[in-house]
Amino acid sequence: MSALTVDVAADGVRVPVSLARVAALARAVLRAERVRAAELSITFVGRARIAALNWRHLRHRGPTDVITFELPAVAAGQPLGGDVYIAPEVARENATRAGVGVREEIARLVVHGVLHALGHHHPEDDARTASPMWRRQERLLARFWPRARASRATAEAAGR
C-alpha cells in the first residue's frame, strides 16, 4: 500500500485550478515516478512571498513562478518529502507570453515542482528545455493534463 500525502493550500491568492485537482495531479506524477511513500505540500503564494523565498533561499532577486524544497527521507523506509511554492500571478504572466492557458501553466508548474522534489534537476541556461527532466515534465503533463499543449515556447517564456 502506498502513502502519497499531498497537502495543497492557497495563501491569500486566487488559484484558477481546484486545489483537489492540483493534489490529484501531484499524486499522479508521484505514482508515475514509482514513488511509494511521500509527504508533499504545495502552497500557492503571492508575488511578494515568492520573491522573499527566492531571495532568502536562492539569492535571486524578484518573483519567480515556482520554488521547490526537496526534503529527502532521513532514514530508509521513510517517505520522501518536499515543499513546492507556486505564484499564480507569475504563472499567468508566463502563460500569456507563451500563448497557453493559465490552468495549463499552473499544471506544468505542479509537475515541475514535484519532479524537483523527487530530485530531478535541469540546467539553468537555454539547455533546460532539452534536458531529460524537462522532457519528462512535458510527457507527464500531456499524460495527466489532457488539454496541455506541451511546448518549448512555454518553457522558454517562463525561464524555468
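**Exercise 1. What is the handedness of the crossing of α4 and α5?**

Let's take this one in steps.

- Ground rules: this is a predicted model, where local features need pLDDT of at least 70, side-chain atom pairs count only at pLDDT 80 or more, and totals for chains, interfaces and linings use all residues. Numbering starts from 1 along each chain as its sequence is written, and side-chain values use heavy atoms, with hydrogens and water left out.
- Geometry: the axes of α4 and α5 come within 10 Å and cross at roughly 130°. Axes here are lines fitted to C-alpha atoms, for helices over the stretch in contact, with angles from 0 to 180 degrees between N-to-C directions. Helices are DSSP runs (H or I, at least four residues), as are strands (E, at least two), numbered from the N terminus.
- Orientation: α4 and α5 are therefore oblique to each other. (Under 35 degrees is roughly parallel, over 145 roughly antiparallel, 65 to 115 roughly perpendicular, and the rest oblique.)
- Handedness: α4 and α5 make a right-handed crossing, meaning the near helix is turned clockwise from the far one by less than a right angle.
- Contact (heavy atoms within 4.5 Å): α4 brings E104, A107, R108, V111, H112, L115 and H116, while α5 brings M133, W134, R136, Q137, E138, L140 and L141.
- Ala, Val, Leu, Ile, Met, Phe, Trp, Tyr, Cys and Pro count as nonpolar, Asp, Glu, Lys and Arg as charged, and the others, Gly among them, as polar.

**Exercise 2. Work out how α1 packs on α5.**

- Start with the angle: helix α1 (residues 19-32) and helix α5 (residues 132-144) meet at about 120°, their axes 11 Å apart.
- α1 and α5 are therefore oblique to each other, and α1 passes α5 in a right-handed crossing.
- Now the residues: L25, A28, V29 and A32 of α1 touch R136, L140, R143 and F144 of α5.
- Sort them and you get six nonpolar, no polar and two charged.

**Exercise 3. Describe the packing of α3 and α4.**

- The axes of helix α3 (residues 88-98) and helix α4 (residues 102-117) come within 9 Å and cross at roughly 115°.
- This crossing of α3 and α4 is right-handed.
- P88, A91, R92, N94 and A95 of α3 meet V102, E105, I106 and L109 of α4, giving six nonpolar, one polar and two charged residues.

**Exercise 4. Which residues line the largest cavity?**

- A cavity is a set of points on a 1 Å grid over the protein atoms alone where a 1.4 Å probe fits but cannot get out, and lining residues have an atom within 4 Å of a point.
- The lining consists of L30, A38, L40, L80, G81, G82, A117 and L118.
- β4 gives the most, with three residues.
- By type, the lining has six nonpolar, two polar and no charged residues.

Note on methods
1 Å grid on protein atoms, 1.4 Å probe; cavity = no way out; pocket = protein on both sides within 12 Å on 5 of 7 lines; lining within 4 Å.
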